[in-house]
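Work through the exercises below with the sequence and the model open. Each task is followed by a solution in steps.

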Amino acid sequence: MDASVTSTDTDTDAVVNATPTGTTRVKLTDEEYWKMKRAKNREKEKQNKLKFETKEEYLDSEEWRKNQERQKRRRKWKDLAKEEIEFHKPEIVIDLSYSDVMVAREQGSAITQLVHMYGTLKAADRPLKTHFCSVTGDLKERLNKVDVPDWKVWTHEESFDKAFDPESLIYLSPDSPNILTELEEDKVYVIGGLVDHNKLKGLSYKKATDLGLRTARLPLSELLHDKPNTSLNQNHVYNIITDFAETGNLEEALKKHTPSRKIFRKQAVKGAAKENEKAETQEKEEENGQQ
């Protein structure tokens with residue numbers, strides 16, 4: 001089937017089919033989504049193997065070794081209690097206190113994003129210890145339906161500022177004036193579990209500043225494009241922090257995990273400028289040659 005995934009609230013829950021009259025959005029079931037995801041992963045693995053001239057060369061490669069370690073870790077993941085898993089720093093908190101300002105559809109999207117986030121946690125070479133805070137009431141019941149009690153995360157009924165020393169907290173908000181450039185292992189980074197379609201802009205930043213907490217934002221406008229203070233889904237932010245903690249390369253983590261619709265605008269402008277400059281230089285050289 002000639003189809004591609006399109007960005008939605010979760011960036012992964014629908015397929016768009018191109019037709020002569022336009023596009024149609026087809027909602028995927030969880031089973032269909034994960035079937036498609038596994039097929040994509042198998043294709044990615046196949047493409048990785050094609051980089052090597054022989055099977056022996058692939059089996060002797062660092063890429064094969066890492067893939068084997070990753071598969072071994074995934075097989076063990078289900079059998080280990082979370083206390084037995086080696087988690088790394090810094091710790092991550094998902095602030096789930098926004099349920100009362102989201103409609104039911106947004107709440108569902110937020111939970112779906114948590115599911116994708118947990119997939120990242122399980123697959124990470126250096127998984128970060130992750131906490132869900134403000135897990136109460138209806139939200140707790142909805143999380144139970146996706147088996148969160150069985151996840152290798154720590155859930156807290158109290159708010160994050162009660163569960164942790166406020167001095168250790170750094171709230172990640174797109175409205176913060178402070179640019180994140182490094183991760184401090186002795187700090188706890190808070191990600192707002194909010195799906196708001198920009199209707200509640202500044203809410204997480206106001207909450208953090210009212211509590212007197214440090215804040216920071218990802219350097220999207222500085223490293224990727226020219227639109228400042230762009231909000232990302234919580235699972236995208238989680239992926240970026242996880243990758244940054246593992247590799248130490250924030251720019252590559254941003255490029256890898258930021259949706260394509262929100263990046264490369266600056267690069268495109270620069271590329272066009274270079275092409276114009278090249279064309280002007282060529283024209284001048286041709287004029288000089290004619291003279």
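The model is predicted, so local features need pLDDT of at least 70 and side-chain atom pairs count only at pLDDT 80 or more, while totals for chains, interfaces and linings use all residues. Residues are numbered from 1 along each chain as its sequence is written, and side-chain values use heavy atoms, with hydrogens and water left out.

**Exercise 1. Overall make-up**

Task: State how many helices and strands the protein has and what share of its residues is buried.

Solution. Step 1: helices (H or I, at least four residues) and strands (E, at least two) are taken as DSSP runs, numbered from the N terminus. The protein has 11 helices and 9 strands. Step 2: buried means under 20% relative accessible area, exposed over 50%, and partly exposed in between, with a 1.4 Å probe and protein chains only. Of the 291 residues, 40% count as buried. Step 3: a contact means heavy atoms within 4.5 Å. Among contacts between residues at least 6 apart in sequence, 69% join residues at least 24 apart.

**Exercise 2. The sheet**

Task: Give the strand order of the open sheet and name its edge strands.

Solution. Step 1: two strands pair if DSSP finds at least two bridges between them. On this basis 6 strands form an open sheet, ordered S6-S5-S4-S8-S7-S9, with parallel pairing. Step 2: S6 (154–155) and S9 (214–216) each pair on one side only, and are the edge strands. Step 3: S5 (residues 128–133) is joined to S6 by 2 bridges, and Phe132 has Thr155 of S6 as its bridge partner. S4 and S5 are joined by 5 bridges; here His88 is partnered by Leu128 in S5. Step 4: 5 of the 6 residues of S5 are buried.

**Exercise 3. Valine 153**

Task: Is valine 153 buried or exposed, and which residues does valine 153 touch?

Solution. Step 1: Val153 is in the loop between helix H5 (137–145) and S6. Step 2: its relative accessible area is 4%, so Val153 is buried. Step 3: leaving aside residues up to four places away in sequence, Val153 touches Lys82, Tyr118, Leu121, Thr130, Phe132 and Val148. Step 4: Leu121 is 32 residues away along the chain, with a C-alpha separation of 9.2 Å from Val153.

**Exercise 4. Two helix pairs**

Solution. Step 1: axes are lines fitted to C-alpha atoms, for helices over the stretch in contact, and angles run from 0 to 180 degrees between N-to-C directions.

Step 1: the axes of H4 (residues 104–123) and H5 come within 11 Å and cross at roughly 45°.

Step 2: H4 and H9 pack at about 20°, their axes 8 Å apart. The contact is made by Ala110, Gln113, Leu114, His116, Met117, Thr120 and Leu121 of H4 with Gln234, Asn235, Tyr238, Asn239 and Thr242 of H9.

Step 3: H9 (residues 234–247) also lies across S4 (88–95), S5, S7 (169–172) and S8 (188–192), running at about 170° to S4.
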